[in-house]
Amino acid sequence: MPALCRDCLTPLTTGPRCPKCRSPRVIAHDELNSLSIAHLDCDAFYASVEKHLNPELRDRPLIVGGGTRGVVSTCCYIARLYGVRSAMPMFEARRRCPEAVVVPPRMSVYAEVSRSLRSRMEALTPAVEPLSLDEAFLDLTGTERLHGAPAAELLARLAHEVERDLGISLSVGLSHNKFLAKIASDLDKPRGFSVIGRSETQAFLKDKPLRILWGVGLSTQGALEQAGIRSVSDILDWDIRDLTDRFGQTGERLWHLARGIDTRKISPHDQPKSISKETTFDQDLTDTELLFSHLWRLTEQVADRAKARELEGKTVTVKVKQADHRILTRRRSLREPAQLADAIWRVAEELLRDLAPKAPFRLVGVGISDLTPASGRDPAGDLLDPGAARRAAAERATDVIRAKFGTDAIIKGRMLR
C-alpha cells in the first residue's frame, strides 16, 4: 500500500512509523498516488498568524475578537479546550477562559499572509479556487510530470513548508471530487491529512448524517425528515426521479452527492457573490444609537474583507432579525461600486434607520453584493457630496495605521456609543 511520511516526506510502504525519521505521521492509502482533487483548510488561521508574529503567545490561549458585545472571530486550539469557539459572544468566551489573551482582528495582515499562501499553491497548479482567506480547492491533475511527485507528496510538502515559513498548520483533504475533498479536510483537524478514495466512497457516506451533504441546512434537513429521510442511506433508497419530483433541483443534487458524485470543476476565477457580517445580541435591542454603533463595527469588518480581497460591491444590504425571529432586509444600489467603509456606511445607516421603528432586534447585519474587482478609484466627490474625497483619503490613511498598530489604534466616535 502506498504511504508517505508527512514529516520527512519519504515515500513508504504502509507502516505505523516512518523507518527514516520514526515519525508516526504516516498517511497510507491504496489510492494515495492516484487522487488529485484537494481541499486545504488553515487551522485557526487568524490565531495562528497572531502567534507566529508574536511567539510569546505560542503556549497561551488566544482569542481573536474584541469588546464585551462582540463575538469570537476565531480562537486557538488551546482556547478551544476551555469550550471557546468561533461566533461565541465575547463575554461568554472570557467567562470560560478568563486567562485568554484577546487581540482584535487585523484583516490586512491576514490578507497578506493569505496572498503568500496562495502564491505557494499556485506554484503547484494554476487550478486553485479560493473559498476564503484560509481555504481553497486545488486540482493537481497532470502535475506529477511537472513536479516529479504525485499530488499527495506535493500537498504534504506544501503543508510542511507553510508551517515552517508562515507558522500556519494546514489540514488537507484528498479525494476524487470537491465534495469529498472538503469532507476529508475536516476529518483529522488540526494538522490533518485524510484521503477518501473512489473504492470506499459509498461505504464511507452510507451511514453519515444528512448534514454532511453540501447544502443541507436545518430547513432542508427538516423537509427531508418529513419525507422519512434521516440519513444518507435513506437517500440511497430513493429513485432520482421521485427525489427530484419531491424536492426539485435540490433532490437531484442530493441524490448524486449521497453516491459521492460531484462533477463541479475547480474554477480559479470564481469569486464570492457577497461579503457580509452580522452579530446576534444577548438581549433584544431597541436603543437606536447602540444599533448604529454595532452597524458601524460590522460595516468596517465588511470593508476590511473587501479591501483584503481587492473587491468592491454595487449593492448594500442591511438585515435584522426581530424578537419573533422574523428576518427583515433592505437593500440599495450605490451610484458606483465601493469598498470603503464610509461609502457603505452612508447607505447602510439610512437602511437601518428605515427599519429601526420595527425594533427590538436580536440580530443586525450588513453586506455588499454585485461584487467586481476593485477599480482602485476612490470617490472624487461632487456637488451632492463634496467631502467624499477627503473622507476616502482619511480612511485609507487610517487603514495604514490600523494595519501597523491594530484595529483599535483609531476608533470612530460612533463606535463608542
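**Entry 1: a hairpin**

I began with strand β8 (residues 128–132) and strand β9 (residues 135–139), which run antiparallel and are joined by four bridges. Here two strands count as paired if DSSP finds at least two bridges between them, and both helices (H or I, at least four residues) and strands (E, at least two) are DSSP runs, numbered from the N terminus. A hairpin through two residues connects β8 to β9, and I found Phe 137 of β9 opposite Glu 129.

I noted that this is a predicted model, where local features need pLDDT of at least 70 and side-chain atom pairs count only at pLDDT 80 or more, while totals for chains, interfaces and linings use all residues. Residues are numbered from 1 along each chain as its sequence is written, and side-chain values use heavy atoms, with hydrogens and water left out.

**Entry 2: the four-stranded sheet**

Next I looked up an open sheet of four strands, paired antiparallel in the order β12-β15-β13-β14. β12 (274–285) and β14 (327–338) are at the edges with a single partner strand each, so one side of each has no neighbour in the sheet. From one strand to the next the twist averages 15°, where angles run from 0 to 180 degrees between N-to-C directions and axes are lines fitted to C-alpha atoms, for helices over the stretch in contact.

Strand β13 (residues 311–322) is joined to β14 by eight bridges, and Val 320 has Leu 328 in β14 as its bridge partner. Helix α13 (residues 288–308) packs on the sheet, touching β12, β13 and β15 (361–373), and its direction makes about 155° with that of β12; contact means heavy atoms within 4.5 Å.

**Entry 3: two helices**

I then followed α13 to helix α4 (residues 107–124), and their axes come within 9 Å and cross at roughly 25°. That makes α4 roughly parallel to α13, since angles under 35 degrees count as roughly parallel, over 145 as roughly antiparallel, 65 to 115 as roughly perpendicular and the rest as oblique. Met 107, Ala 111 and Arg 115 in α4 meet Asp 304, Arg 305 and Ala 308 in α13.

**Entry 4: Leu 243**

Is Leu 243 buried or exposed? Leu 243, in helix α11 (residues 240–247), is buried, with a relative accessible area of 1%; buried means under 20% relative accessible area, exposed over 50%, and partly exposed in between (1.4 Å probe, protein chains only). Leaving out residues up to four places away in sequence, I found that Leu 243 touches Ile 229, Ile 235, Trp 238, Gly 248, Gly 251 and Trp 255.
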